[in-house]
Amino acid sequence: MDDLDADLPEHLAPSPTHRDTRSSQDLGNPTEFSPSAYRSRLQAYLQAATSDRTRTAYRSAIRQFEKWGGRLPTDSQVLVRYLIERSNSVNPRTLEMHLTAIGQWHLYQGMANPAADPVVRKTMNGIRRLQGRPKQKAKALRPEHIAAIAQSIRALPDSKKSRRDLALVLMGYFGAFRRSELVAIQVEDLHWEDEGVIVRIPRSKTDQQGQGLSRALPFGPDSVCPPTALRAWLQCAAIEEGPVFRSINRWDQVQNTQLGAGSVNTLLKKLGTDCGFDFVETLSSHSFRRGMSTSAAREKVEFELIKKQGGWKSDATVREYIDEGRRFTDNAAHILMEKMATLLD
């Protein structure tokens, strides 16, 4: 079984005679809680507890384990052999995720987790130390890069696609949106004010429980203004409800379907190629978030403002971006070089 949520394990299944014992005051109407209703409700809650992206990753991990020859349930000896045989071809971070997926499958079934076995963990730690490689970071786009992209888009014949692309780039960069957040924006999430637009984000990577986040994008110079570009796109495409960023076919016809998250990376690489950037291979949607935060840090924007615009929960993540953005300006070597220069004069 490669789907963590396909069936309820026996230890979670309701008793055939299960009855809700809460008082009528609590329930409103005392009702028989049938096994099917119980299973349906529990299944829905378990499904909602894991994000679609995580569930997809877990399914892929288990499929790879089974393709290798593994079967579920499994044991620690098989997992150690799996780690050893795949350590030369699979990134340690990916192997770690495979262990997590397999472990979650066992826990969900009410079984002991073989991935938590000390020998399995020690083997994984050794692989990470001997074969770990730095994670490739997305290129941080600077204001001059965004300006070049905007200029390149505007040089094209006016079309719905060019207007959509400009709005997407400016919104993605100045709003520091994750690609999943960007493509999920609905017209109903936009709240227009005299000063700009507020984008409500119903659910995010750091807000899985749907408490709700928002980003404010102020009006600015027309050539680089996200709200102005967004409004022009919506009016051009006659979009009044539903997804803001949509697929467009080769005949420049706007579709009703939401733009796929993977399309953001594809589009950004295409725009980077058109601009002649020599770092196209390292471009991804994360280039927006890293670019906005590091560029703001170079301009001495305050920590809290950067954190707020990107919707980061972790102070450490924001400080990492700030340190990256200021690694040349806030550099001890400056003072030493100036001192040395005076000695040579």
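Biologist: A297 first. Buried or exposed?
Modeller: A297 is buried, at a relative accessible area of 0%. Buried means under 20%, exposed means over 50%, and partly exposed is in between, with a 1.4 Å probe and protein chains only. This is a predicted model, where local features need pLDDT of at least 70, side-chain atom pairs count only at pLDDT 80 or more, and totals for chains, interfaces and linings use all residues. Residues are numbered from 1 along each chain as its sequence is written, and side-chain values use heavy atoms, leaving out hydrogens and water.

Biologist: Which residues is A297 in contact with, leaving aside neighbours within four places in sequence?
Modeller: I306, Y321, I322, G325 and R326, where contact means heavy atoms within 4.5 Å. R326 is 29 residues from A297 in sequence, yet their C-alpha atoms are 6.3 Å apart.

Biologist: And which helix is A297 in?
Modeller: Helix α12. Helices are DSSP runs of H or I of at least four residues, strands are runs of E of at least two, and both are numbered from the N terminus.

Biologist: How do α12 and α13 cross?
Modeller: At roughly 165°, with the axes of α12 (residues 286-298) and α13 (residues 303-310) coming within 10 Å. The axes are lines fitted to C-alpha atoms, for helices over the stretch in contact, and angles run from 0 to 180 degrees between N-to-C directions. The two helices are therefore roughly antiparallel. For those labels, under 35 degrees is roughly parallel, over 145 roughly antiparallel, 65 to 115 roughly perpendicular, and the rest oblique.

Biologist: Which residues of α12 and α13 meet?
Modeller: On the α12 side, R289, M292, S293, A296 and A297; on the α13 side, I306, Q309 and G310.

Biologist: Switching to α4 and α5. What is their packing angle?
Modeller: About 160° between α4 (residues 76-86) and α5 (residues 92-108), with the axes 11 Å apart. That makes α4 and α5 roughly antiparallel too. L79, Y82, L83 and R86 of α4 make the contact with L95, H98, L99 and I102 of α5.

Biologist: Which residues of α4 are buried?
Modeller: V78, L79, V80, Y82, L83 and R86. Their cover includes α3 (52-68), α5 and α6 (118-131).

Biologist: What does D75 do at the start of α4?
Modeller: One of its side-chain oxygens comes within 3.1 Å of the backbone nitrogen of Q77.

Biologist: New topic. Where does S162 lie?
Modeller: In helix α8, residues 160-174. S162 is buried, with a relative accessible area of 8%. A polar atom of its side chain is 2.9 Å from the backbone oxygen of S159. Neighbours within four places aside, S162 is in contact with I153 and P157.

Biologist: How many disulfides does the structure hold?
Modeller: 0, counting a disulfide as a pair of cysteine sulfur atoms within 2.5 Å.

Biologist: And C225, buried or exposed?
Modeller: C225 is buried, with a relative accessible area of 1%. C275 is partly exposed, at 24%.

Biologist: Last thing, the overall picture. How many helices and strands?
Modeller: 15 helices and 5 strands. Of the 345 residues, 39% are buried. Among contacts with a separation of 6 or more, 60% are between residues 24 or more positions apart.

Notes. A polar contact is a pair of N or O atoms within 3.5 Å; within protein, one must be able to donate a hydrogen and the other to accept it, and residues adjacent in sequence count only if both atoms are side-chain atoms.
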